[in-house]
Amino acid sequence: MSKNILLSKLAKSLQIILFLFTLTFINNLSGQTYVTWTTGAGGTIIGTYPGGTVTASITGTGNGITLSTPSSFTDFLNATGTQTFSTFGPRNTVPSKKLTFNFSTPVIVTKFNMNDIDKGPQWDDSFLFENIVFSSTTCTNCISTVNGGTADGSHSGVSEYGYWFDSTAPITDFSLNYLTTNNLTHAFLGYSMEVIQSNINIVSINSPTICSSQLATITASNTLPGTYSYDWTVPSGATNPGNVNTFTTSIPGTYSVIVTNTITGQVNTPVSSVVTISSFINNTFNQIQPICAGDTFNLPLVSNEGIAGTWSPSIDNNQTTTYTFTPTSNFCSSTEQMTVIVNQLVSPTLNSPQLFCVQDNATLNDIVISGININWYNSSTSGSILPTSTTLQNGATYYATQTINNCESNRVPVLIQVQNTSAPTGNTNQLFCSTDGATLNSINIIGTNIQWYNSSTTSTTPLPNNTPLTDGMTYYASQIVNNCESINRLPVTIEIIFTLNASNYVELICDELNNGVESINLSNFNSNLISTSGNTFSYYYSLNGANNEIATDEIANYTNYNLNIGTEIFYVRIVAPNSCYQVVELTLELVSKPFILIDDSIILCEGNNVQIDAGSGYDAYLWSTGETTDSIIIQNPGNYSVTVSENFGTLTCSTIKNFNVVLSNIATITETIATDWTSEENTLEVLTNGLGDYEFSINNIDYQDSNIFTNLENGEYTVYVRDKNGCGINSEQIYLLMHPKYFTPNGDGYNDFWKINFSEKEPNLTIKIFDRYGKLIKELDSNSIGWDGTYLGKKAVSSDYWFLVIRENGKEHRGHFSLIR
């Protein structure tokens with residue numbers, strides 16, 4: 001069909017639509033236009049047109065698609081530039097192509113051209129249009145004819161072309177296949193496409209099938225958005241839904257609808273729907289009986305009514321499961337459920353290994369096991385059931401199952417140990433001391449859970465373990481291991497040895513240094529405890545420690561033990577050569593010697609006596625003077641001693657005190673040496689003699705060992721000398737002299753005379769005053785009121801004057817002063 005014919009048909013059929021569109025819409029049916037092509041992804045070509053895009057792709061061995069075209073490509077296509085694309089294929093084989101086009105919006109294809117490019121030897125091929133076979137595989141309402149095609153036989157320099165495809169209605173995709181015949185080939189083919197974009201609505205409707213008593217939903221769908229009205233035709237008995245696009249019904253039959261665009265007036269061809277009703281079937285199945293875990297079973301895939309279906313979940317033969325049947329051959333049938341009970345294989349519980357005594361003669365019935373309907377086997381997988389009276393064998397493994405709900409469990413192994421306990425071991429003759437208080441517990445044998453009997457076999461009642469041992473008696477011991485008592489018994493004959501005849505001992509000891517502790521050797525008292533020899537001794541703090549030889553209670557340093565004041569009891573374990581022992585008490589009491597509180601040196605003041613007291617309350621006194629009283633009077637210095645004794649029963653502790661009586665007396669001050677004539681830097685030195693130990697003071701309060709006093713001001717002082725031994729204090733006054741630096745004899749009553757301060761305290765002191773030329777101006781004695789500043793009755797001039805002081809002891813002192821008028 002030519003383009004003009006197609007347009008004429010379209011114009012006639014769409015006059016009203018185009019008219020209405022011209023008034024209210026733009027491009028309800030757009031004009032013809034060539035597609036513009038560009039390169040797409042993945043070996044495709046993308047075309048664009050007003051309102052949409054189209055994707056072109058190619059398949060076929062050796063074929064390709066491209067935008068590259070020769071310059072002569074457009075000779076017969078009436079298209080230029082990007083309005084064309086091309087394909088290429090093999091030149092030596094018969095080509096086969098498949099071109100596929102997908103449109104984003106519905107279009108009418110008005111012209112699809114193909115051009116065989118044959119311009120010169122480089123494009124030479126044997127392709128002829130009249131020798132192609134083509135088909136449209138996916139396109140409906142399409143016309144595929146070769147119109148306007150030309151062909152010649154030269155194939156050299158002449159292009160062949162054809163206008164060979166259009167569509168009568170809007171389409172969204174199509175595929176074209178073509179194959180050349182007669183072994184013809186080609187190298188390059190060019191294409192162009194002209195389309196009209198379509199906005200024509202396409203109506204579709206569903207045709208449901210429902211079960212009886214159900215409702216069918218019928219829906220009319222439009223390909224284009226817009227406002228539509230619906231005119232329905234329904235079968236007899238059904239209610240017409242009116243102007244709706246969807247409704248429900250339970251009446252079977254044919255329903256049709258005409259859809260009108262209320263804006264454009266476009267009316268579609270009537271579209272029909274058929275509603276079918278199917279009868280409902282209830283599916284039934286035969287119940288599968290309970291199985292044992294692990295057994296296989298199958299669920300029927302077809303119901304008793306012949307309906308096929310599937311079951312979910314998957315079959316699980318290890319646990320009880322409810323399965324659901326869903327029909328697949330007839331949806332108007334029921335889904336059903338079936339629960340398949342799976343009985344679990346519950347194994348019996350037991351401990352392994354299990355031990356039995358040989359004398360029990362145990363059987364399978366004696367094995368401790370928890371379960372019901374127990375069966376026993378001698379192998380893990382095969383074998384016959386064993387009688388429960390089967391005698392158990394040492395080292396054998398037996399296997400047990402239990403059966404619940406006719407399901408026998410897996411086999412559980414148990415290892416059997418049959419124990420034949422041996423008799424305990426030890427010396428059959430054992431010796432004990434009478435002091436041991438030995439019982440059956442004292443017998444030394446090797447074994448576990450020892451049982452004692454008074455016969456080798458006949459007695460079945462064990463003796464208490466605290467049964468005292470009898471000399472000459474034979475006892476029989478068994479042992480129990482893993483609750484199995486030995487059949488054989490060990491005989492032990494007892495011999496009792498009597499005491500060592502050791503005795504307790506008490507002794508008092510003097511504290512020689514009177515320091516509250518005395519170092520002693522405990523072994524020195526061994527002969528006082530026992531008279532026999534060859535014994536060994538060990539010493540303990542407690543009786544329990546001695547009897548049980550508790551190491552932490554033993555006295556390790558017994559040869560150099562520090563005994564404190566007071567009484568201590570030691571427990572001595574004496575072991576005889578025959579290994580018998582006896583524990584005796586060694587009681588030692590450390591007592592203090594008399595304490596004599598006499599100093600090593602005692603002071604006797606000259607001309608006095610002193611009383612020496614050795615303390616009262618002791619039993620005896622003996623002085624070096626021969627006196628025996630607790631105190632004596634001493635008048636002379638010298639070395640003395642006293643011995644004081646105290647009796648502790650038969651023990652006498654004595655203390656000797658040596659002391660020295662030293663003579664002391666009051667000090668004699670032989671001279672006090674003054675270094676004076678300063679304001680506050682004067683010194684005094686006190687010289688003494690005597691027998692005592694002296695200390696010195698200038699205020700009779702603060703005493704010092706040094707006899708020199710420094711940094712003293714001038715003035716009157718009393719020096720004190722005290723005997724440290726308490727024999728008295730001697731004192732003497734002394735004056736530190738100083739002269740005035742100037743005087744002002746102006747008759748005002750102040751500082752009118754110049755003299756040596758405190759000179760009156762030295763009666764024999766003389767003072768001579770000279771002028772600066774050495775002329776004697778005035779001579780004063782110690783009692784003078786001082787120089788009045790005159791010479792021969794006249795006032796002496798203001799000047800410096802010199803003086804000479806001659807002291808009572810002959811010492812001289814020179815200085816100068818100023819007379820100021």
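**Reading rings, cores and a sheet in a predicted model**

Trainee: In this predicted model, what makes Arg722 count as a charge over the ring of Tyr703?

Mentor: Arg722 lies over the face of Tyr703, at 3.7 Å from the ring centre, and because the rule asks for CZ of Arg within 6 Å of the ring centre and within 35 degrees of the ring normal, the pair qualifies. Arg573 is placed in this way over the ring of Tyr581, with its charged end 3.4 Å from the centre.

Trainee: Why is the pair of Tyr561 and Phe570 called edge-to-face?

Mentor: The ring centres of Tyr561 and Phe570 are 5.1 Å apart, which is within the 6.5 Å needed for a pair, and their planes stand at 90 degrees, which is over 60, so the pair is edge-to-face. By this rule the count comes to 21 aromatic pairs, and one aromatic cluster is formed by Phe743, Trp754, Trp787, Tyr801, Phe803 and Phe817.

Trainee: How do you know whether Tyr561 is buried or exposed, and Phe570 likewise?

Mentor: Buried means under 20% relative accessible area; Tyr561, at 8%, therefore counts as buried, and Phe570, at 1%, counts as buried too.

Trainee: Which residues have the most contacts inside the largest nonpolar core?

Mentor: They are Leu522, Leu563, Phe570, Ile574, Leu586 and Leu588, in a core of 24 residues.

Trainee: What is Ile574 in contact with, leaving aside its neighbours within four places in sequence?

Mentor: The contacts of Ile574 include Leu500, Ala502, Leu529, Phe537, Tyr581 and Val584; Tyr581 is also the residue whose ring lies under the charged end of Arg573.

Trainee: Why are β46 and β48 said to stand at the edges of their sheet?

Mentor: The sheet is open, with four strands in the order β46-β51-β50-β48 and mixed pairing. β46 (601-605) and β48 (620-623) each have a single partner strand, so one side of each is left without a neighbour in the sheet. The twist averages 25 degrees from one strand to the next.

Trainee: How do you know that β48 and β50 pair?

Mentor: Pairing needs at least two bridges, and because four join β48 to β50 (residues 638-648), the two strands pair, running antiparallel. In one of these strands, β50, Ser645 is the bridge partner of Ala620.

Terms used. Residues numbered from 1 in each chain as written. Predicted model: local features only at pLDDT ≥ 70, side-chain atom pairs only at ≥ 80, totals over all residues. Heavy atoms only, no water. Axes fitted to C-alpha atoms, helices over the stretch in contact; angles between N-to-C directions. Phe/Tyr/Trp six-rings, centres within 6.5 Å; stacked < 30°, edge-to-face > 60°. Buried < 20%, exposed > 50% of the residue type's maximum accessible area, 1.4 Å probe, protein only. Core = buried A, V, L, I, M, F, W, Y, C linked by side-chain atoms within 4.5 Å. Contact = heavy atoms within 4.5 Å.
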